[in-house]
Amino acid sequence: MSYEIVARPHEQKFIDWSKDKPEVLVLTADLTNSCEVGRWRDIYPDRYFSMGMAEQNMLGMAAGLAREGFEPWLHTFAVFLYRRPLDQLQMSIAYPSLKVRLMGFLPGIMTPGGVTHQAIEDIAVLRAVPNMTILEVGDATEAETVHDIAHAIDGPVYIRALRGEVSRIFPKNEPFKFNTARILSTGSDITLITSGIMTEEALRAIPLLQEKGVGINHLHVSTLKPFTDPIVLKALQGAKHGVITMENHSIVGGVGSAVAEIMAENGIGVRLDRIGLKDTYAHGASQKYLMSEYGMDAKALVESISKLMKKDLGISESDLEEVRTVSVHSSAKAEAL
Amino acid sequence: MDLQKMQGIADGIRQRVLAHTLANNGGYMSQACSAAELLGAMYGGVLNLAPVSEPINPPFFKGVPVVGTASVKEYLTGAQFHGAKGPNFDRFIISPAHYALVVYAALIETDRLREDGLDFFNKDGSTVELIGAEHSPGFETTTGSLAQAISQAGGIAIARKIRKESGKTWVFMSDGEFQEGQTWEAFQAAAFHKLDKLRVIVDVNQGQCDGPMDSVMSIEPLVGRVKAFGWSASVVDGHDLDAITQACALETGHPHVVLCYTDPVRGLPLLNERRPVLHYLRFKSKEEQAKYELAYKEMVK
């Protein structure tokens, strides 16, 4: 299986999208080209504000601009938008529910930059912040169409964004839909909920699992807060052997926890297995290496299903190698910071 | 500039805050003593604010802003006490939110807040909160976590610069906030983006919660530091209205800061007995309270 690779889906789309929106500004913190807004800056210099490596102030200035009716789109690495400036994010932006858009690139273990650069608890932290909306794009189509979704929200939006070479998994004519899961396959044995880059990883294993007769109800979720989609509830209620979540994040407080809350609140009495970072920090290495090291890859999904269904599915690591999608780990993706 | 009127506001601030402190056995008294002339100057003529038709009754708290609901748009803002916004008008952002009582007193003195507004101070369900937030009279940002106002004011100043507005954006800060890293991030950004209509006025009372600032964390030489960050600066006696108003009128082509060095017991020398910690006045005994009652009688004579 292979997908179309789209180069820099955010870059040109954002330039085109913001052309007739003079209220849209870009603020950066010394990662302008790394976040694909270098050309945006050159085209709209009057709407671009370099804030230097000073995120606390950048968030405050964004709040002031938003209070005046502008819509600042902050571009930096995900980790720098919430970890250091959390008080500013909460008191200057989230409390008054201002229209600030936080474009967080390289979420989770996507960066080889190591622990300082890896946003592994951003969803957990920001789910607990009132008024926040959290979105996560999972492919090029969503990266190209998330702008309208964020733009329409009358409050702060945090976006786990993708850059560089991104696979197109979802059809071009099926854009990002707010708080609406994509149903990628149906089946009644296991309900699988994946987000972000984990969807593509899961899709490597799904055909093999289906060949073995496993019925998988696979949903891709891209709105992580609010997390009130009835499609998700229905899928959880239909799981015979259990529910699995896969996220590029700690298993504490993220999608797995959100799913657990829904299951408990609705009395859904099947087992839940959360695939993600198991309450651990990671380190600087490639995405492929880290996904394997921390049990976040297709192999981990197969093992999880074996465990929940209490049977050996007879899928080997080499079977999974053969269906490795070219896009996820091609050399084209080895980018500098 | 009507310096006499400004002095009247300053005197009224001290009297109202002391009266309130006596009635409630507690108050940010030294902040009133230090900042009375500063706020008297600002509200008494330095700021170009739209008038309000009559002193405003402080509304009750209606709830926090909630995303996706009308409450965001209907949310009360304390900025209404500063009059209608307009391109030519100034904005006045209060940063040290624990000066709220002092700010409310200044608003009463300038007929922007109803005289009985302080009756609702720190009362459940009221917007006249102990630590002001953006629904409190005179506040338009939520800055009880200090040093966040200067960045927000910087954003407002950029927005006004984009719209080519002539009004200035003023921030009232306390000197303790210059211990926060965010303040310096904001100062470097304001200079870098040439926000020449951004103004900061600081109550340099040299005290903070733990005591004298030079025993907690020194910020001196403050004027040298702010100038090194690309701002122009004036250093004035914070009780000299002539000096304050002249410094506030300067047009330097840079963001400008007026450092008002103040005396935290000015007008109430009895507070000297509380040194070195002046941050909050709560009477330790009936005898002490009686002394302050006497001082109040002297003050209003």
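This briefing describes the domains, sheets, core and chain contacts of a predicted model. Local features are given where pLDDT is at least 70 and side-chain atom pairs count only at pLDDT 80 or more, while totals for chains, interfaces and linings use all residues. Residues are numbered from 1 along each chain as its sequence is written, and chains are lettered from A and ligands numbered from 1 in the order in which they are written. Chain A is divided into domain 1 (4-168) and domain 2 (182-325), with bounds that come from an automatic or database domain assignment.

**Domains of chain A**

- The C-alpha centres of domain 1 and domain 2 of chain A lie 27 Å apart.
- Across the boundary, 25 residues of domain 1 of chain A are in contact with 29 residues of domain 2 of chain A, where contact means that the C-beta atoms, placed from the backbone, lie within 7 Å.
- On the side of domain 1 of chain A that touches domain 2 of chain A, α6 (122-127) and β6 (133-136) of chain A each supply at least two residues, and the largest share, four residues, comes from β6(A); helices (H or I, at least four residues) and strands (E, at least two) are DSSP runs, numbered from the N terminus.
- That side of domain 1 of chain A has 12 nonpolar, seven polar and six charged residues, with Ala, Val, Leu, Ile, Met, Phe, Trp, Tyr, Cys and Pro counted as nonpolar, Asp, Glu, Lys and Arg as charged, and the others, Gly among them, as polar.

- An open sheet of five strands in chain A has the order β9-β11-β10-β13-β14 with mixed pairing, and its edge strands, β9 (182-185) and β14 (272-277) of chain A, each pair on one side only; two strands pair if DSSP finds at least two bridges between them.
- Neighbouring strands of this sheet are turned by 20 degrees against each other on average, direction ignored, with axes fitted as lines to C-alpha atoms, for helices over the stretch in contact, and angles running from 0 to 180 degrees between N-to-C directions.
- Helix α10 (residues 255-265) of chain A packs on the sheet, where it touches β10, β11, β13 (242-250) and β14 of chain A, and its direction makes about 145 degrees with that of β13(A).
- Strand β10 (residues 190-195) of chain A runs parallel to strand β11 (residues 216-221) of chain A, joined by six bridges, and A:T194 stands opposite A:H220 in β11(A).
- β10(A) also pairs with β13(A) in the parallel sense over five bridges, with A:V243 in β13(A) as the bridge partner of A:T191.
- β13(A) in turn runs parallel to β14(A), joined by five bridges, and A:I244 stands opposite A:D273 in β14(A).
- Eight of the nine residues of β13(A) are buried, so this strand is largely enclosed by the rest of the structure; a residue is buried if 20 or more other C-beta atoms lie within 10 Å of its own, exposed if 12 or fewer, and partly exposed in between, with C-beta atoms placed from the backbone.

- A:A239 lies in the loop between α9 (230-237) and β13 of chain A, and counts as buried with 25 C-beta neighbours inside 10 Å.
- Not counting residues up to four places away in sequence, A:A239 touches A:I190, A:T191, A:N217 and A:V270.

**Strand β5 of chain A**

- Five of the five residues of strand β5 (residues 101-105) of chain A are buried, so β5(A) is largely enclosed by the rest of the structure.
- Both faces of β5(A) are covered, with A:R101, A:M103 and A:F105 buried on one side and A:L102 and A:G104 buried on the other.
- Strand β4 (residues 71-77) of chain A pairs with β5(A) in the parallel sense over five bridges, and the bridge partner of A:F77 in β5(A) is A:F105.
- β5(A) also runs parallel to strand β7 (residues 157-161) of chain A, joined by five bridges, and A:V157 in β7(A) is the bridge partner of A:R101.

**Nonpolar core and contacts between chains**

- The largest nonpolar core has 187 residues, and those with the most contacts inside it are A:A62, B:V102 and B:Y104; such a core is a set of buried Ala, Val, Leu, Ile, Met, Phe, Trp, Tyr and Cys residues joined through C-beta atoms within 7 Å.
- Helix α2 (residues 29-46) of chain B gives the most to this core, with 11 residues.
- Domain 1 and domain 2 of chain A both give residues to this core, so it lies between them.
- Between the chains, 25 residues of chain A are in contact with 23 residues of chain B, and the largest share of the chain A side, nine residues, comes from α3(A).

Technical notes:
Contact = placed C-beta atoms within 7 Å.
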